[in-house]
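Please open the structure in your viewer and keep the selection tool at hand.

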Amino acid sequence: MSQEKFDLTKVHECFDRCLADPIDPDDVLVDAYLEAFKELYKFFSLMGTVFGFVSSDVKEKVEILEKHRQQPNAEKFETIKRMMEYERDAELLAKKDYVSGSRTLLRLHRGLDFIYVFLKRLGELANPDDKTNCVCQTSYNETLAHFHPWLIRKGATVAMYALPNRDQLLEKVCVDAATAIQKLPEMLVVARQVYDRTQDLYTKYDLHGLP
């Protein structure tokens with residue numbers, strides 16, 4: 001059975017909902033954020049061995065946060081801000097036998113930085129026949145590579161050489177490549193808003209350095 005393809009329009013819709021907290025316009029709704037990442041997981045998986053290590057990490061982190069949303073205190077994890085304040089006030093951020101939602105989501109947040117930069121540059125390629133390996137390597141080196149050990153960085157860089165041109169890549173991973181190209185700029189605007197709002201929250205609560 002072929003793997004389900006990546007739907008960029010669905011990611012756009014999910015990120016739109018992320019920003020629609022009726023209580024706090026500066027917060028981010030966790031459930032919609034996780035829905036977006038379930039779709040982004042397909043993107044990473046469909047790229048094959050290039051980002052196999054990223055897709056498995058995304059899947060694990062999404063599952064951890066979904067478990068937090070299923071606990072009796074699920075309302076504490078309804079938004080990113082509430083989650084951070086709850087874990088900080090309850091002194092859970094450094095608790096050894098506790099899996100922090102704030103720490104877990106930080107890994108997804110870093111992944112969003114990469115996917116944003118990569119897709120933006122993919123859309124800016126002047127020629128659909130242009131190879132994507134260079135923009136992928138540059139995007140990775142500027143984002144996720146800062147948080148990965150040398151062995152993973154080396155493996156990712158080698159695997160990227162096999163990436164096809166833009167149109168071939170989008171045909172491989174997207175439900176509808178033509179629609180993806182058309183909708184990409186709009187999705188990137190919303191993704192950037194989600195990223196920036198989340199970045200501001202990690203800065204506000206001084207949580208960028210979570211181990």
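**First stop: Thr79**

Select Thr79, which is found in the loop between helix H3 (52-68) and helix H4 (80-89); helices here are DSSP runs (H or I, at least four residues), numbered from the N terminus. The model is a predicted one, in which local features need pLDDT of at least 70 and side-chain atom pairs count only at pLDDT 80 or more, while totals for chains, interfaces and linings use all residues. Residues are numbered from 1 along each chain as its sequence is written, and side-chain values use heavy atoms, with hydrogens and water left out.

Is Thr79 buried or exposed? Thr79 is buried, with a relative accessible area of 0%; buried means under 20% relative accessible area, exposed over 50%, and partly exposed in between (1.4 Å probe, protein chains only). Display next the residues in contact with Thr79, leaving aside its neighbours within four places in sequence: Asp21, Asp27, Val28, Leu29 and Val30. Contact means heavy atoms within 4.5 Å. A polar atom of the Thr79 side chain also lies 3.1 Å from the backbone nitrogen of Arg82.

**Second stop: Thr198**

Move to helix H9 (177-204) and select Thr198, which is found in this helix. Thr198 is buried as well, with a relative accessible area of 0%. Not counting residues up to four places away in sequence, Thr198 touches Val28, Tyr33, Ile80, Leu105 and His109.

Select residues 8-18 for helix H1 and residues 30-46 for helix H2. Their axes are 8 Å apart, and the two helices pack at an angle of about 160 degrees. Axes are lines fitted to C-alpha atoms, for helices over the stretch in contact, and angles run from 0 to 180 degrees between N-to-C directions. H1 and H2 are therefore roughly antiparallel to each other, a term for angles over 145 degrees. On the H1 side, the residues making the contact are Lys10, Val11, Cys14, Phe15, Arg17 and Cys18. On the H2 side they are Ala32, Tyr33, Glu35, Ala36, Glu39 and Leu40.

Keep Phe15 of H1 selected. Which residues touch the most other members of the largest nonpolar core? They are Phe15 and Phe51, in a core of 70 residues. A nonpolar core is a set of buried Ala, Val, Leu, Ile, Met, Phe, Trp, Tyr and Cys residues joined through side-chain atoms within 4.5 Å. In soluble globular proteins, nonpolar side chains tend to be buried together. Beyond four places in sequence, Phe15 touches Ala36, Leu40, Leu112, Met187, Val190, Ala191 and Val194.

Select Thr143 in the loop between helix H6 (133-142) and helix H7 (150-160). Thr143 counts as buried, at 4% relative accessibility. Asp113, Phe114 and Val117 are touched by Thr143, not counting residues up to four places away in sequence.

Continue to Thr157, which is found in helix H7. Thr157 is partly exposed, with a relative accessible area of 25%. A polar atom of the Thr157 side chain lies 2.8 Å from the backbone oxygen of Arg153.

Most residues other than glycine have a negative phi. Select Glu91, in the loop between H4 and helix H5 (101-124), where phi is near 55 degrees, a positive value. Glu91 is exposed, with a relative accessible area of 66%. Finish at Asp206, in the segment after helix H9; its phi is near 55 degrees, also positive. Asp206 is exposed, with a relative accessible area of 68%.

Note on methods:
A polar contact is a pair of N or O atoms within 3.5 Å; within protein, one must be able to donate a hydrogen and the other to accept it, and residues adjacent in sequence count only if both atoms are side-chain atoms. Angles under 35 degrees count as roughly parallel, over 145 as roughly antiparallel, 65 to 115 as roughly perpendicular and the rest as oblique.
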